[in-house]
Amino acid sequence: MKKTFKFTVLAGDGIGPEVMDQALRVLECACKGEDFELSYSRHDVGGAAIDSQGEALPKSTVDACSQADAILFGSVGGPKWENLPPAKQPERAALLPLRKIFKLFANIRPGLLYPQLTDASPLKKERIPNGIDIVCIRELTGGIYFGEKKTYKTEDGEDAACDTMSYKVSEIERIAEVAAQTAMSRGKKIYSIDKANVLQTSVLWRKTITAFMEKNYPEIELKHLYVDNAAMQLARDPNQFDVLVTENMFGDILSDEMAVICGSLGMLCSASLGDGSNSLGLKFGLYEPAGGTAPDIAGKGIANPCAQILSAAMMMRYSFGRDDIAKKIEAAVRKAVCDGVRTGDIAFGNAAVSTKEMADAIIERL
Ligand SMILES: NC(=O)C1=CN([C@@H]2O[C@H](COP(=O)(O)OP(=O)(O)OC[C@H]3O[C@@H](n4cnc5c(N)ncnc54)[C@H](O)[C@@H]3O)[C@@H](O)[C@H]2O)C=CC1
Ligand SMILES: CC(C)CC(=O)C(=O)O
Ligand SMILES: [Mg+2]
């Protein structure tokens with residue numbers, strides 16, 4: 001009997017469903033004739049779930065995810081829901097809880113710019129003659145996104161608000177381990193990004209990462225950078241980095257910068273992993289593009305589906321143990337883009353194709 005790879009599809013809002021449809025087409029073609037079956041069910045999440053069921057993360061959606069081996073996620077949020085009470089909005093009421101419920105503390109974001117795509121990068125070609133190949137490891141379930149939030153009145157009666165950033169040693173050590181494993185499979189070089197000249201969480205972060213690497217991975221070259229300098233260095237010379245490791249909010253911001261220097265947010269995929277294993281004894285994970293719902297282009301059929309397609313490839317690698325199929329999809333995306341098939345965000349001189357035409361070109365090259 002054929003094995004079954006079971007995942008839930010949470011397409012979400014805006015361009016989410018548009019790019020998801022194409023990712024599923026590519027995935028099905030890439031898996032055709034293999035010794036396993038794909039089994040997936042679609043569920044509402046985010047704004048779509050608010051509209052259909054009155055809440056951003058219905059229990060039925062969480063239950064379906066619990067019974068699956070992985071989650072393929074689009075993105076959530078948009079203008080339609082941004083006047084709801086903040087705690088009920090799609091990002092805070094669906095995406096962050098999903099990451100927390102499934103303990104997905106490690107977000108892996110590969111920053112890969114094909115040499116043939118340097119025209120789409122805002123960096124000068126001379127600075128990146130061979131493209132870019134770096135990885136951002138972002139802590140995903142701690143820090144200021146998950147700390148206590150408060151709105152209150154000052155003694156003078158002024159409205160005020162605060163968010164709390166906190167980290168425990170164990171939270172830092174487990175993301176350090178993911179960064180170390182990634183570095184061991186690459187250039188054995190890690191830059192840890194913090195703001196240890198100001199933030200107490202960063203002082204703990206730096207001390208913990210240093211001790212962890214010295215004790216467990218002395219062969220890895222570890223450097224520390226303040227986040228403001230890191231943002232500048234990424235634009236100056238991205239290839240001085242290999243693996244970056246950082247806390248939740250810094251990773252969120254730096255990875256958008258990394259996306260644009262690698263051509264477009266529409267190219268940046270991600271895997272969110274925890275310690276949990278799935279029914280296949282492999283990693284349970286949530287796979288999603290780094291970008292959002294792109295309200296400015298949603299509904300036009302022009303979004304770049306590559307980030308979603310490459311996220312599906314990461315799912316094949318980490319949750320289903322099929323590195324061969326992940327590589328096949330990645331090679332087809334690369335070939336299509338390098339052959340000049342480009343959506344508008346990466347077109348720069350090439351005629352822009354639609355979301356579906358981009359996927360068609362990838363399917364032809366599988
Ligand atoms: N993981 C998630 O669910 C995320 C959700 N969001 C939400 O998405 C909504 C829009 O957020 P923004 O700040 O505008 O960020 P965004 O990432 O949606 O868009 C930023 C810019 O990148 C472009 N872009 C993004 N993905 C693209 C793609 N696949 N192809 C071509 N162009 C693409 C957009 O058109 C826009 O110009 C907000 O509600 C936000 O909270 C934002 C980031 C992540
Ligand atoms: C809701 C946000 C934290 C999502 C986001 O911007 C991201 O994960 O990159
Ligand atoms: Mg982000």
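1. The protein has 12 helices and 14 strands, where helices (H or I, at least four residues) and strands (E, at least two) are DSSP runs numbered from the N terminus. Its radius of gyration is 20 Å, close to the 21 Å that the globule rule gives for 366 residues, so the protein is as compact as a globular protein of that length; the radius is taken over C-alpha atoms, and the rule is 2.2 Å times the number of residues to the power 0.38. Along the principal axes, the C-alpha atoms fill a box of roughly 60 × 50 × 45 Å.

2. This is a predicted model, in which local features need pLDDT of at least 70 and side-chain atom pairs count only at pLDDT 80 or more, while totals for chains, interfaces and linings use all residues. Residues are numbered from 1 along each chain as its sequence is written, and chains are lettered from A and ligands numbered from 1 in the order in which they are written.

3. Of the contacts with a separation of 6 or more, 74% join residues 24 or more positions apart, a contact being two residues whose C-beta atoms, placed from the backbone, lie within 7 Å.

4. The protein is divided into domain 1 (1-114 + 265-366) and domain 2 (122-261), with bounds that come from an automatic or database domain assignment. The C-alpha centres of the two domains lie 24 Å apart, and 21 residues of domain 1 are in contact with 23 residues of domain 2. On the side of domain 1 that touches domain 2, helix H4 (90-101) and strand S4 (106-113) each supply at least two residues, and the largest share, 8 residues, comes from S4. By class, this side of domain 1 has 13 nonpolar, 4 polar and 4 charged residues, where Ala, Val, Leu, Ile, Met, Phe, Trp, Tyr, Cys and Pro count as nonpolar, Asp, Glu, Lys and Arg as charged, and the others, Gly among them, as polar.

5. The largest nonpolar core has 113 residues, and those with the most contacts inside it are Ile-137 and Ala-312; such a core is a set of buried Ala, Val, Leu, Ile, Met, Phe, Trp, Tyr and Cys residues joined through C-beta atoms within 7 Å. Helix H9 (residues 306-318) gives the most to this core, with 10 residues, and the core draws at least three residues from each of domain 1 and domain 2. Leaving aside neighbours within four places in sequence, Ala-312 is in contact with Ala-23, Val-26, Leu-27, Leu-72, Tyr-287 and Ile-329.

6. Ligand 1 is surrounded by 22 residues, of which the closest are Ser-75, Gly-77, Gly-266, Gly-291 and Gly-292; a residue is near a molecule if its C-beta atom, placed from the backbone, lies within 6 Å of it. By class, the shell around ligand 1 divides into 10 nonpolar, 8 polar and 4 charged residues.

7. Around ligand 2 the residues are Glu-91, Leu-95, Tyr-145, Asp-252 and Ala-290, a shell that divides into 3 nonpolar, no polar and 2 charged residues.

8. Two backbone angles deserve a look. Lys-103, in the loop between H4 and S4, has a positive phi of about 50 degrees although it is not a glycine, and Lys-103 is partly exposed, with 16 other C-beta atoms within 10 Å. Phe-348, in the loop between helix H11 (344-347) and strand S14 (352-353), is likewise not a glycine and has a positive phi near 35 degrees; with 15 C-beta neighbours inside 10 Å, Phe-348 counts as partly exposed.

9. Val-169 is in helix H5 (residues 169-184) and, not counting residues up to four places away in sequence, touches Leu-204 and Thr-208. Ser-354 is in the loop between S14 and helix H12 (355-364), and counts as partly exposed with 17 C-beta neighbours inside 10 Å. Leaving aside neighbours within four places in sequence, Ser-354 is in contact with Gly-301 and Ile-302.

Methods
A residue is buried if 20 or more other C-beta atoms lie within 10 Å of its own, exposed if 12 or fewer, and partly exposed in between; C-beta atoms are placed from the backbone.
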